[in-house]
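Please read the points below with the sequence and the structure side by side, taking each point slowly before moving on to the next.

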Amino acid sequence: MEGAATGGIVVFVVGTPTVQTDRAVAGSRVEGSRSADPRSPIAPFTGSPSACQTRAAAQSGIHAADSAVGDRPVTEQLVEQDVERVAVGSAGEGSPRAAATAVAVGTHLPGRAHLRDMDAHVSPSRVAGRARAPPSKSYTHRAILAAGYGAGTTVTDPLDSADPRATGRAVEAFGGEVTWVGGDDADDRDADSAEGGATAVEVAGFAGRPGTPDDVIDCANSGTTMRLVTAAAGLTNGLAVLTGDGSLRSRPQGPLLDAVADLGGRAESTRRNGQAPLVVGDAMGSGTVAIPGDVSSQFVTALLMAGAVTDEGIEVDLETELKSAPYVEITREVLADFGVDSERTETGFRVHGGQTYAADEYAVPGDFSSMSYLLAAGAVAAADGEAVVVEGARPSAQGDSAIVDVLDRMGADIEWDEDAGEITVRASSLSGVEVDVGDTPDLLPTIAVLGAVADGETRIVNAEHVRYKETDRVAAMAESLEKLGAEVTEEPDALIVHGGDSALSGATVHGRGDHRLVMALAVAGLVADGETTVTGAEHVDVSFPGFFETMAALGADVSVA
Ligand SMILES: O=C(O)C1=C[C@@H](OP(=O)(O)O)[C@@H](O)[C@H](O)C1
Ligand SMILES: C=C(OP(=O)(O)O)C(=O)O
């Protein structure tokens with residue numbers, strides 16, 4: 001999109017290639033090798049987020065280990081070049097090597113090479129009107145991969161954004177064909193525009209076990225892609241090499257690697273720190289694996305999806321309580337829609353082997369995580385007597401539909417017409433509540449902003465796994481809200497926002513290359529005094545490419561340049 005949108009200004013200028021390097025340096029949180037406890041990645045917390053992160057990075061050994069590669073010759077050949085290109089972790093931020101690597105990483109990502117650094121400038125404004133949230137990222141990933149495991153499916157109304165594009169490229173690497181229909185090529189689209197997005201994805205699948213990729217699979221910024229593709233890669237006869245951007249290469253993969261190895265495959269972290277780059281393959285088989293439930297539910301999703309095409313299936317025993325549990329239910333819903341049976345067991349989940357994925361067409365529902373920003377904007381900044389109406393809100397397995405209940409408990413004037421798939425929200429004064437985000441980690445940034453506007457204390461609890469995302473979102477939101485003038489207390493697994501004591505005032509806050517931070521902080525800008533600048537605005541392309549356009553169309557005073 002170019003030029004102005006209704007009620008606001010959206011300006012795009014050409015800048016320099018954008019990359020993320022901060023997480024690779026600061027955020028290695030879960031080693032995930034058998035020698036490390038994957039559930040205790042962070043040293044005892046002392047109250048300082050930066051101290052906490054620094055210690056976690058030191059514990060993971062990222063600086064010492066990042067030049068190590070696998071000990072088998074084929075592995076070395078496959079990964080040598082890639083490790084050299086993407087080993088941001090060993091270069092200090094601002095060092096010449098970091099800068100050189102940054103450019104290499106940025107231009108290496110096929111789906112995000114077009115990105116330019118952009119800042120969002122948000123001024124106090126009122127919003128009203130109708131908006132449609134983008135299609136669900138989680139369903140789109142699963143539908144594309146399920147279609148890949150099958151013979152062929154048309155996925156309608158997909159989320160056409162950077163993360164699902166990465167999953168599409170992985171399906172192609174495994175031998176499928178993925179055609180995004182009705183939109184422009186990702187490289188030809190503006191980073192922050194909903195315009196040009198595909199209306200369908202036609203997938204000709206690899207039908208069963210994936211083939212061995214010809215090249216490295218680049219999962220870009222997408223944790224879902226990397227986890228789901230790791231288990232798929234475990235099924236190949238050869239080896240696959242998986243990498244991603246600096247953020248993704250700092251996220252935990254170790255428990256999934258251990259599971260693939262337990263199932264007879266080969267799965268290694270090239271730096272031996274449980275993080276990508278990964279080398280995975282050697283025809284993993286069937287069996288039972290134990291896995292922690294409190295690092296990422298995506299490990300379970302990955303194994304269930306892959307298990308269906310093994311001979312005897314895969315059973316996953318959870319060693320610890322499952323966090324983000326609704327995402328496994330999304331998986332099971334998609335599996336069922338593709339004719340694949342899965343079941344809960346007393347200790348986890350099971351999928352039988354020898355099953356066939358089949359669906360001619362699959363329609364993706366709207367995304368409640370994305371809706372949360374629009375609903376929060378309405379709750380804090382709807383014009384007097386007017387409302388924000390969010391369309392595409394049909395009930396599904398998405399845990400993040402809990403945002404409606406959270407807003408309701410905070411005292412928002414909100415109604416969900418489930419039959420019409422519409423949520424209507426008007427501004428009202430909000431009060432602090434306690435929210436357990438064990439099932440809904442992606443809501444933390446939104447709820448933290450709501451807490452900063454509400455009267456009284458908002459306690460966001462059961463949040464340790466929210467530290468393992470694109471950034472450590474607990475620390476990042478604490479830091480940014482403080483910068484905007486809010487009082488917050490950070491605990492190892494909680495973020496407490498002292499709303500009644502806060503008066504937000506505009507400042508420059510860093511999106512840290514994390515789409516959810518950018519969107520949540522932009523909502524805060526609607527009610528902060530003066531101008532709020534959010535850096536890294538282009539990263540909304542991960543899940544909500546038209547976010548700023550949509551906000552501007554609702555009347556937000558926002559410019560992106
Ligand atoms: O499976 C999925 O689609 C997702 C699962 C969640 O991650 P974890 O299971 O790692 O918490 C969530 O945070 C992520 O945005 C999407
Ligand atoms: C954590 C997220 O996604 P992923 O794990 O796929 O990177 C997210 O979208 O907030």
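1. In this model, which is predicted, the centres of domain 1 and domain 2, taken over C-alpha atoms, are separated by 29 Å. The domain assignment of the protein chain builds domain 1 from the stretches 119-132, 368-542 and 546-560, while domain 2 covers 137-363.

2. Where the two domains meet, 20 residues of domain 1 are in contact with 21 residues of domain 2. When the side of domain 1 that touches domain 2 is sorted by class, there are 8 nonpolar, 7 polar and 5 charged residues on it.

3. For the strands, please look for an open sheet of 4 strands, in which the order is β2-β15-β17-β16 and the pairing is mixed. Which strands form the edges of this sheet? They are β2, at residues 129-132, and β16, at residues 413-417, each of which pairs on one side only. On average, and with direction ignored, neighbouring strands of this sheet are turned by 15 degrees against each other.

4. At one end of that order, β2 runs parallel to strand β15, which holds residues 388-391, and the two are joined by 4 bridges. One pairing to find in the structure is that of Arg132, whose bridge partner in β15 is Glu391.

Key:
Residues numbered from 1 in each chain as written. Chains lettered and ligands numbered in written order. Predicted model: local features only at pLDDT ≥ 70, side-chain atom pairs only at ≥ 80, totals over all residues. Domains from an automatic or database assignment. Contact = placed C-beta atoms within 7 Å. Nonpolar A, V, L, I, M, F, W, Y, C, P; charged D, E, K, R; others polar. Pairing = 2+ DSSP bridges. Axes fitted to C-alpha atoms, helices over the stretch in contact; angles between N-to-C directions.
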